[in-house]
Amino acid sequence: MVGNLLLRGMMVGVLAGLLAFCFARTFGEPWVDYAIAFEEHASHAAGAAGGMEEPEIVSRATQAGLGLFTGLVIYGAAVGGLIALAFAFANGRLGRLSPRSVAALIATLGYVAIVIVPQLKYPANPPAVGSADTIVARTELFFAMLAFSVALMIASVMLARRLAERIGGWNGATVAAIVYVSIVAVMFAALPDIEEIPASFSPAALWNFRIASIGVQAVLWSVVGLAFGAVTEYAARRENAPRHTAGAAALR
Amino acid sequence: MTNAAFATSASTPSRAEPIPVSKILPWAVFGGLMLVLTVYFVGAEEGATSLIGGSVVHEFVHDGRHLLGFPCH
């Protein structure tokens, strides 16, 4: 049962990764190319004699093509699998939500906790932005933010379930959301800021890159959430159809 | 968790039965671990930390890593 869900989630995730690749290729790659051109220009200007060129281990064409594709499809499969596991826990435990709504809700909350909240504090950076000296600290801060955000979201959903028994589903969810946002705000204020954007880097290019990054994730998470819910309801309907057709028809 | 299962099965027979947590847990632990490790290889291997030598993985998934918002370099 859970194994089936997991497999389904990962397959839906591969599909989502494919679409996210199309989006990233179209809307993201121009800004990656811009940043790499900026980086090369800057390093040429710094060392006029040259000599310190970084060796190209993987060609740009591969990075922007097969590499990007592989990265997004694998990441998509992982996200799909994690959403499937969350779905296994949540389905039937969140009031009277249908499987389709549960899947959409999990994808939305996952997108908020895993993408939006960490990205608001530590936004995506194109190449050329970010100093190599601080990569360890930046990575630690990013993953600390990510882990905290996910743990807080799980705690908030559990709180919402508790409160729903006493003050109703809508009020419970509202209170839990306020608690979540308040703690996130404190976390944002407490964690250090990172400012490493080169002064001459185009703000518009940076903005467009970050919007593209948010967009890649939006495509990925929404496709997983919607497709997983649709396939799961379809499978459940087929399973139930032969036994009580009338009931299934009435539900539609 | 057993009382939660009873409550839902009694009140709403047509809704999805929750899968018992004991059945999800092994999948969640091993599957979750594998999936998180997968994300690690796309998102962080050979950036700040490295499990295998060289920088081929990093360079190969370079663009995806930037566009997914992971700190890269």
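In the predicted model, 37 residues of chain B are in contact with 46 residues of chain A, two residues being in contact if their C-beta atoms, placed from the backbone, lie within 7 Å. On the side of chain B that touches chain A, at least two residues each are supplied by α1 (2–11), α2 (21–43), α3 (56–60) and α4 (62–68) of chain B. Helices (H or I, at least four residues) and strands (E, at least two) are DSSP runs numbered from the N terminus. The largest share of this side, 10 residues, comes from α2(B). By residue class, the side of chain B that touches chain A comprises 18 nonpolar, 13 polar and six charged residues; Ala, Val, Leu, Ile, Met, Phe, Trp, Tyr, Cys and Pro count as nonpolar, Asp, Glu, Lys and Arg as charged, and the others, Gly among them, as polar.

Residues are numbered from 1 along each chain as its sequence is written, and chains are lettered from A in the order in which they are written. Because the model is predicted, local features need pLDDT of at least 70 and side-chain atom pairs count only at pLDDT 80 or more, whereas totals for chains, interfaces and linings use all residues.

Chain A contains seven helices and zero strands. Its C-alpha atoms fill a box of roughly 80 × 40 × 30 Å along the principal axes. Of the 252 residues in chain A, 35% are buried, that is, have 20 or more other C-beta atoms within 10 Å of their own, with C-beta atoms placed from the backbone. Among contacts in chain A between residues at least 6 apart in sequence, 85% join residues at least 24 apart.

The largest nonpolar core has 74 residues, and those with the most contacts inside it are A:Ile83, A:Phe87, A:Leu220 and A:Val224. Such a core is a set of buried Ala, Val, Leu, Ile, Met, Phe, Trp, Tyr and Cys residues joined through C-beta atoms within 7 Å. Helix α2 (residues 60–90) of chain A gives the largest share of this core, 18 residues. The core lies between domain 1 (1–40 + 61–129 + 201–252) and domain 2 (134–196) of chain A, because both give residues to it; the domain bounds come from an automatic or database domain assignment. Leaving aside residues up to four places away in sequence, A:Phe87 touches A:Leu5, A:Val102, A:Ala103, A:Ile106 and A:Phe228.

For chain A, UniProt (unreviewed entry) lists "transmembrane region" at residues 68–90, 102–121, 141–160, 172–191 and 211–231. Residues 211–231 of chain A are 100% helix and 0% strand, with end C-alpha atoms 30 Å apart.

Methods
Buried ≥ 20, exposed ≤ 12 C-beta atoms within 10 Å, placed from the backbone. UniProt positions renumbered as here; feature names shortened; annotations may be inferred.
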